[in-house]
Amino acid sequence: MSENAANHPSVDRVLSELRAGGVGGDVRWFDDATPTAVHAAEALGVDVGAIANSLVFTLDGEPVLVLTSGAHRVDTGWLGEQLGGRLKRADAATVRAATGQVIGGVAPVGHPAPVRTFVDTALAAYPEVWAAAGHPHTVFPTSFDELVRLTGGTPTAVEPE
């Protein structure tokens with residue numbers, strides 16, 4: 001793992017938005033991609049639940065971002081019902097159009113336009129969480145409260161308790 005080992009336009013946009021939001025943590029670059037929560041947790045030496053996956057879905061056709069703990073999966077049927085619509089996993093083209101980033105590296109911020117965001121309340125159990133920074137080889141440290149603030153997200157359970 002290396003810090004600031006390279007530059008990438010998506011990562012630069014994320015970093016710029018983090019700085020504008022008062023976030024001081026550095027983006028960490030990995031030699032290999034960390035496209036899943038398990039990979040990222042292993043590379044960082046943290047619990048998989050401390051990984052904030054940025055998953056793009058469509059809610060009745062509108063792209064939405066769900067920041068979920070790596071410890072579990074989003075129950076799309078249940079969450080869609082809670083949100084009052086039909087929730088479906090977005091395809092790669094929709095993810096790219098909504099976020100400007102590729103699957104495996106989608107960050108909570110740095111998108112071309114704001115994306116309605118829901119932040120998994122399970123992330124609040126961790127004092128530090130890690131999220132992708134716009135590229136599959138990058139992550140940055142943050143917190144549940146900071147994710148909610150930065151994204152304007154709504155704290156939400158993503159599966160029934």
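In which loop is aspartate 60 found? In this predicted model, aspartate 60 sits in the loop between strand 3 and strand 4. Its phi is positive, about 50°, although the residue is not a glycine. Aspartate 60 is exposed, with a relative accessible area of 56%; it counts as exposed because this value is over 50%.

Confidence in the model was examined along the chain. The average pLDDT is 92, and 96% of the residues score at least 70. The lowest mean among the elements, 42, belongs to strand 1 (residues 2-3), and the highest, 98, to strand 6 (residues 116-120). Over residues 1-5 the pLDDT stays under 50. For this stretch the model has 15 contacts beyond four places in sequence.

The largest pocket has a volume of about 550 Å³. Its lining comprises 31 residues, and Pro35, Thr36, Asn53, Ser54 and Leu55 are the ones that lie nearest the pocket centre. By residue class, the lining divides into 18 nonpolar, 11 polar and two charged residues. At least two lining residues are supplied by each of helix 2 (37-44), strand 3 (51-59), strand 7 (129-132) and strand 8 (138-142). Strand 3 provides the largest share, seven residues.

The largest has 26 residues, and within it the most contacts are made by Leu18, Val119, Leu123 and Leu147. Two or more of its residues come from each of helix 1 (9-20), strand 3, strand 4 (62-69), strand 7 and helix 5 (144-151). Helix 5 gives the largest share of this core, four residues. Beyond four places in sequence, leucine 18 touches Val23, Val109, Phe140 and Leu150. Another core, of 11 residues, lies apart from the largest one and has Leu55, Val66, Leu79 and Phe118 among its members. Leu55 is also one of the residues nearest the centre of the largest pocket.

Helix 5 is mostly covered, with six of its eight residues buried. The buried positions are Phe144, Glu146, Leu147, Val148, Leu150 and Thr151. Of these, Leu147 is one of the residues with the most contacts inside the largest core, and Leu150 is touched by leucine 18. Helix 5 is followed by glycine 152, which has a positive phi near 65°.

Serine 69 and glycine 70 were considered together. Serine 69 has its place in strand 4, whereas glycine 70 is found in the loop between strand 4 and helix 3 (76-83). The relative accessible area of serine 69 is 1%, and the residue is buried. Glycine 70, at 19% relative accessibility, also counts as buried, because the cut-off for burial is under 20%. Leaving out residues up to four places away in sequence, serine 69 touches Gly49, Ile51, Asn53, Asp120, Ala122 and Leu123. With the corresponding neighbours left out, glycine 70 touches Ala37, Val48, Gly49, Ile51 and Asn53.

Valine 46 lies in the loop between helix 2 and strand 3. At 28% relative accessibility, valine 46 counts as partly exposed. Not counting residues up to four places away in sequence, valine 46 touches Ala41, Ile51 and Trp130. Valine 46 and tryptophan 130 are 84 residues apart along the chain, and their C-alpha atoms are separated by 9.2 Å.

Arginine 96 belongs to helix 4 (residues 92-99). Its relative accessibility of 46% makes arginine 96 partly exposed. Apart from neighbours within four places in sequence, arginine 96 is in contact with Gln101 and Val102. A separation of 28 Å is found between the C-alpha atoms of arginine 96 and aspartate 47, which are 49 residues apart along the chain.

Definitions and conventions
Residues are numbered from 1 along each chain as its sequence is written. This is a predicted model: local features need pLDDT of at least 70, side-chain atom pairs count only at pLDDT 80 or more; totals for chains, interfaces and linings use all residues. Side-chain values use heavy atoms; hydrogens and water are left out. On a 1 Å grid over the protein atoms alone, a cavity is a set of points where a 1.4 Å probe fits but cannot get out, and a pocket is an open set with protein on both sides within 12 Å along at least five of seven lines; lining residues have an atom within 4 Å of a point. Grid points are joined across faces, edges and corners, and a volume is the space filled by probe spheres set on the points. Ala, Val, Leu, Ile, Met, Phe, Trp, Tyr, Cys and Pro count as nonpolar, Asp, Glu, Lys and Arg as charged, and the others, Gly among them, as polar. pLDDT is the predictor's confidence in each residue, from 0 to 100. Contact means heavy atoms within 4.5 Å. A nonpolar core is a set of buried Ala, Val, Leu, Ile, Met, Phe, Trp, Tyr and Cys residues joined through side-chain atoms within 4.5 Å. Buried means under 20% relative accessible area, exposed over 50%, partly exposed in between (1.4 Å probe, protein chains only).
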